[in-house]
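Here are a few notes on the aromatic rings in this one. Have the structure open while you read.

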Amino acid sequence: MRALLVVNPAATTTSARTRDVLIHALASEMKLEAVTTEYRGHARDLGRQAAESGNVDLVVALGGDGTVNEVVNGLLHAGPDPALPGLAVVPGGSTNVFARALELPNHPVEATGALLDALREGRERMVGLGLAAGTPGTEDEAVPSRWFTFNAGLGFDAGVVGRVEQQRELGRKSTHALYIRQAVRQLLGESQRRHGTITLERPGVDPVTGLVLSIVCNTAPWTYLGNRPVYASPKASFDTGLDVLGLSRLSTASVARYGTQLLTSSPERGPHGRHVVSLHDLDGFTLHSKAPLPLQMDGDHLGLRTSVTFTGVRHALRVIV
């Protein structure tokens, strides 16, 4: 098997020594080329080169969710194709939502062992992905489309992601405490806490208006706080379309209520109540905002948007599990 290993040297939970051990373990089982990323977007470029080369069977992403997202966008640059290389993930980030949602070990050494076992036994699955694009006829229509593996968000949660990225650029470590602090600051600075600017539109159905927050899930859980899974949309799955959780109010009382529901969520129940909109298995929809709002995908802040069209693409990519 011919494989490309894409290594993020800034991965937060792997050392140079650990990465060397993993590379040697993988190289013992396959014809391996290991490339270390050198700039933002490099993993995407490597994934695209692998897809276009025709001589790579497998791309292994060693890093966090951001590295995985870039590799996926590179592999699917021209769209899904059964002939594309398969994807494998060795988690090296702080959260690793995609890998954990696939029920892979969250330790890079254990995950490498599981990957080698899966290759020997021929274990793989097709997963659905989300695709976000600028909406035709709006000022964002020229924004390039982008794939996401586990979640996206327009509004509040994307604002939190943006704040965390700013803190990391200042040298702060990516910790769950950092996310919580920035979530509180984002809430205190939210100008539309009671009257949201987001409208959700889909064909043949009345629009949902006045949303303050909109979270798009391609799988469950939505994220993790340490070892605790958090379920925004418990029914979301790699085997179905996209799920949406929307909130129409972020008052102090509602934040306390729905925040508690998120922290105590389970595969059986997520946030619920009269200010909650929960939609399951959507093939396509559009989120419009009266004012520009931050957008995030797979934990990567992508700037401000006023309109984003989402599509759930089933059986988009072959993953080794």
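1. A quick term before we start: a residue is called buried when its relative accessible area is under 20%. Phe310 has a relative accessible area of 1%, so Phe310 counts as buried. Bear in mind that this is a predicted model.

2. Now for the rings. Searching the whole structure turns up three aromatic pairs. One of them is Phe148 with Phe310, an edge-to-face pair with 6.1 Å from centre to centre and 80° between the planes. This pair links distant parts of the chain: Phe148 belongs to strand β6 (residues 146-148) and Phe310 to strand β16 (residues 300-320), 162 residues apart. Phe148 is buried too, because its relative accessible area is 0%.

3. Phe310 has another partner to look at. With Phe285 it makes a stacked pair, where the centres are 5.3 Å apart and the planes 20° apart. Phe285 sits in strand β15 (residues 284-297) and Phe310 in strand β16, so this pair ties together parts 25 residues apart in sequence. And is Phe285 buried or exposed? At 3% relative accessibility, Phe285 counts as buried.

4. Last, have a look at two spots where an arginine meets a tyrosine ring. The charged end of Arg100 sits over the ring of Tyr224, 3.8 Å from the ring's centre. Arg257 lies over the face of Tyr258, and here the distance to the ring centre is 5.5 Å.

Technical notes. Residues numbered from 1 in each chain as written. Predicted model: local features only at pLDDT ≥ 70, side-chain atom pairs only at ≥ 80, totals over all residues. Heavy atoms only, no water. Phe/Tyr/Trp six-rings, centres within 6.5 Å; stacked < 30°, edge-to-face > 60°. Helix = DSSP H or I, 4+ residues; strand = E, 2+ residues; numbered from the N terminus. Buried < 20%, exposed > 50% of the residue type's maximum accessible area, 1.4 Å probe, protein only. Lys NZ or Arg CZ within 6 Å of the ring centre and 35° of its normal.
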